[in-house]
Amino acid sequence: MRVHVVSDVHGNSRDLAAAGTGADALLCLGDLVLFLDYADHSRGIFPDLFGTDNADALVELRTARRFEEARALGRRLWGELDATGASRESVIEGAVRRQYAELFAAFPTPTYATYGNVDIPRLWPEYAGEGVTVLDGQRVEIGGRVFGFVGGGLSTPMRTPYEISDEEFAAKVEAVGEVDVLCSHIPPEVPELCYDTVARRFERGSTALLHAIRTTRPRYALFGHVHQPLARRVRVGATECINVGHFNATGTPYVMEW
């Protein structure tokens, strides 16, 4: 059995179309939408709307953890857009829909997918075709192994679209129960897995995931979210915890075989 796993696709539909080649199934751990590319500030919804100079400024403020100033910049720019008579929500949704149309069309059959923190779950049913199974707080058997999926992220100052409370996230982890492979968008709360060496900050990991790993002992825990982690692979007890990589940048899936 061969399974390919991707996360943090962020608009890379070209490489996504080939990500399932040679695999029996593709797993996607979320973050399909590209709002702003931190490596190339000219790419994404934000620079398309407000230009690269404003994208440069926003990245600089966020990287420096000057979140209130970043929000002030955003409020000013969105206010200027609102003044033209355009609806902020409709503009964003239209851009996201265009990305989803390309990305979901690129998924092979079968694909098993869960949401990232920048995704908009309510739109997924419109784009997930017959070969795409969306799972969140749910399990599926693939090749004799049980895979559990937990989507979304936890609340942060970034206020991305699909951030939920610790309690709601923990309930989904509990609903998944004992599995062979625990799949999530965000990592368990392990410092080496949560620290982004380029952004120079800790991303939020989940204590509920870490507790489940220690108590249910899956063979693997797979996740993404942290684009340049201090460590891509850490063993917690019997479990190999693996960041499957920043697919937007690498275009290469993580491969599992058994």
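Mentor: Buried means under 20% relative accessible area, exposed means over 50%, and partly exposed lies in between. The model discussed here is predicted.

Trainee: Does Glu 69 count as buried, partly exposed or exposed, and which is it?

Mentor: The relative accessibility of Glu 69 is 41%.

Trainee: With which residue does Glu 69 form a salt bridge?

Mentor: A salt bridge needs a side-chain nitrogen of Lys or Arg within 4 Å of a carboxyl oxygen of Asp or Glu. For Glu 69 the closest N and O atoms of the pair are 2.8 Å apart. The partner of Glu 69 is Arg 66.

Trainee: Where is Ala 64 placed?

Mentor: Ala 64 is partly exposed, with a relative accessible area of 42%. Helix H3 covers 52-63 and helix H4 covers 67-83. Ala 64 is placed in the loop between helix H3 and helix H4.

Trainee: How many Å apart in space are Ala 64 and Gln 228?

Mentor: In sequence, Ala 64 and Gln 228 are 164 residues apart. From C-alpha to C-alpha, their separation in space is 17 Å.

Trainee: Is Thr 63 buried or exposed?

Mentor: Thr 63 lies in helix H3. Its relative accessibility is 19%, and the cut-off for buried is under 20%. Thr 63 therefore counts as buried.

Trainee: Which backbone oxygen does the side chain of Thr 63 reach?

Mentor: Leaving aside neighbours within four places in sequence, Thr 63 is in contact with Tyr 38, Ala 199, Arg 200 and Arg 201. The side chain of Thr 63 also reaches a backbone oxygen at 2.7 Å. That oxygen belongs to Val 59.

Trainee: Which residue meets Glu 93 in a salt bridge at 2.6 Å, N to O?

Mentor: The side chains of Glu 93 and Arg 122 meet in this salt bridge. The pair links distant parts of the chain, 29 residues apart, with Glu 93 in helix H5 and its partner in the loop between strand S3 and helix H6.

Trainee: Which residues do salt bridges that share partners join into one network?

Mentor: A search of the whole structure finds 16 salt bridges. Some of them share partners and form one network. Its members are Glu 93, Arg 97, Arg 122 and Glu 126.

Methods
Residues numbered from 1 in each chain as written. Predicted model: local features only at pLDDT ≥ 70, side-chain atom pairs only at ≥ 80, totals over all residues. Heavy atoms only, no water. Helix = DSSP H or I, 4+ residues; strand = E, 2+ residues; numbered from the N terminus. Buried < 20%, exposed > 50% of the residue type's maximum accessible area, 1.4 Å probe, protein only. Polar contact = N/O pair within 3.5 Å; in protein donor to acceptor, adjacent residues only side chain to side chain. Contact = heavy atoms within 4.5 Å.
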